[in-house]
Amino acid sequence: MKIPLLSRRQLLTSSFMGAAGLLASKSAAAALGRACGLTPTQATGPFPPTPEQLAQQSDQDWDLTRVTGKAERAKGQVIEILGQVQNENCNPIPNATIEVWQACTSGKYNHPNDDSATWQDPNFQYFGWAKTDAKGCYRLKTVIPGHYSNDPLPKDDPEHWERTPHIHFRVWVAGHFELVTQMYFEPSTFDYDPTLTPEYIEKLNFLDRLLRPVPAGEKDRIVIPFLSGAARDGLIAKYGVPKSSVDPDAKAGEFTLVVTRAK
Ligand SMILES: [Fe+2]
């Protein structure tokens, strides 16, 4: 897969956390609150961006809620994903490339393999990229994706396949194995929509056939709580993100990505 080239402007805007000196050292990385055990790998799935889509998409930045040339913001609950790319020794890795792809809030992908009848959001940037800065940190702004099923089997069939909300991540670091994984949502995150209750998401997370086999001790590395209010503000301050650049109604979560050295 070709790695998209980020423009100088995009590199500058993704390297926003120079003031976050507390994230610089190995000990500080360990103090992020999450052990630096390897991030569990997950399937790529059928909807990564195609070479044709990569060639055609000019808006290749870290903010998926806005598409260049469109006046409206994407529909859905906005989230900030903040984190650090680390090696297995908890050392931060600058200049890592992170690619994400996901469904919009309706659960629809922008991909020829997604033949579901659900609506597509024309204001959502279905693929995004970020570079880690000198402290190994990255920022992504997106919306919580909808859950989806392309399975013709009825929901009460034990073989029915349904995906809980998730975001696909791919990480490239020189001298390291490519990491492909998926980020999931801690159910308490879903306190903003009466039609998507925490209980419902808990059930979807439990039933999801890709999340379920992840060992219990590793699930909290990829199932991430998204915070509001003072807790959110504390997290964005920790990463040096200017509050003025965060949507007032956005939630924020911390997703650490740990990669393996290839030599
Ligand atoms: Fe997916």
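Me: Where in this predicted model does C90 lie, and what makes it count as buried?

Reply: C90 lies in the loop between β1 and β2. A residue is called buried if 20 or more other C-beta atoms lie within 10 Å of its own, and C90 has 21 other C-beta atoms within 10 Å, so it is buried. The model in which this count was made is a predicted one.

Me: Why is N95 called partly exposed?

Reply: N95 is found in the loop between β1 and β2, and its phi is near 65°, a positive value in a residue other than glycine. The count for N95 is 15 other C-beta atoms within 10 Å; a buried residue needs 20 or more and an exposed one has 12 or fewer, so N95 is partly exposed.

Me: What makes P248 exposed?

Reply: P248 has its place in the loop between α6 (229–238) and β8 (251–254). The limit for an exposed residue is 12 or fewer other C-beta atoms within 10 Å, and P248 has 6, so it is exposed. P248 and V78 are 170 residues apart in sequence, yet their C-alpha atoms are 9.4 Å apart in space.

Me: How do you know that β4 is largely enclosed by the rest of the structure?

Reply: Seven of the seven residues of β4 are buried, and therefore the strand is largely enclosed by the rest of the structure. C137, R139, K141 and V143 point one way from β4, while Y138, L140 and T142 point the other way, and all of these are buried.

Me: What makes β1 and β4 paired strands?

Reply: Two strands pair if at least two bridges are found between them, and seven bridges join β1 to β4, which run antiparallel, so the two strands are paired.

Me: Why are β3 and β7 called edge strands of their sheet?

Reply: Five strands form an open sheet in the order β3-β2-β5-β6-β7, with mixed pairing. β3 and β7 (223–224) each have a single partner strand, so one side of each is left without a neighbour in the sheet. Within the sheet, five bridges join β2 to β5, which run antiparallel, and the bridge partner of T97 in β5 is W172.

Me: Which residues touch the most other members of the largest nonpolar core?

Reply: This core has 55 residues, of which V85, I98, V171 and L257 touch the most other members. Among the elements that give it two or more residues are β1 (78–86), β2 (97–101), β5 (166–172) and α4 (198–207), and the largest share, five residues, comes from β1. Leaving aside its neighbours within four places in sequence, I98 is in contact with W129, A130, Y138, F169 and V171.

Me: How do you know that the buried residues of α4 line one face of the helix?

Reply: The buried residues of α4 are I201, L204 and N205. Seen down the axis of α4, these residues fall within an arc of 100°, so they line one face of the helix. E199 and F206 are exposed on the other side of α4, whereas what covers its buried residues includes β6 and β7.

Note on methods:
Residues numbered from 1 in each chain as written. Predicted model: local features only at pLDDT ≥ 70, side-chain atom pairs only at ≥ 80, totals over all residues. Core = buried A, V, L, I, M, F, W, Y, C linked by C-beta atoms within 7 Å. Helix = DSSP H or I, 4+ residues; strand = E, 2+ residues; numbered from the N terminus. Contact = placed C-beta atoms within 7 Å. Arc of directions from axis to C-beta.
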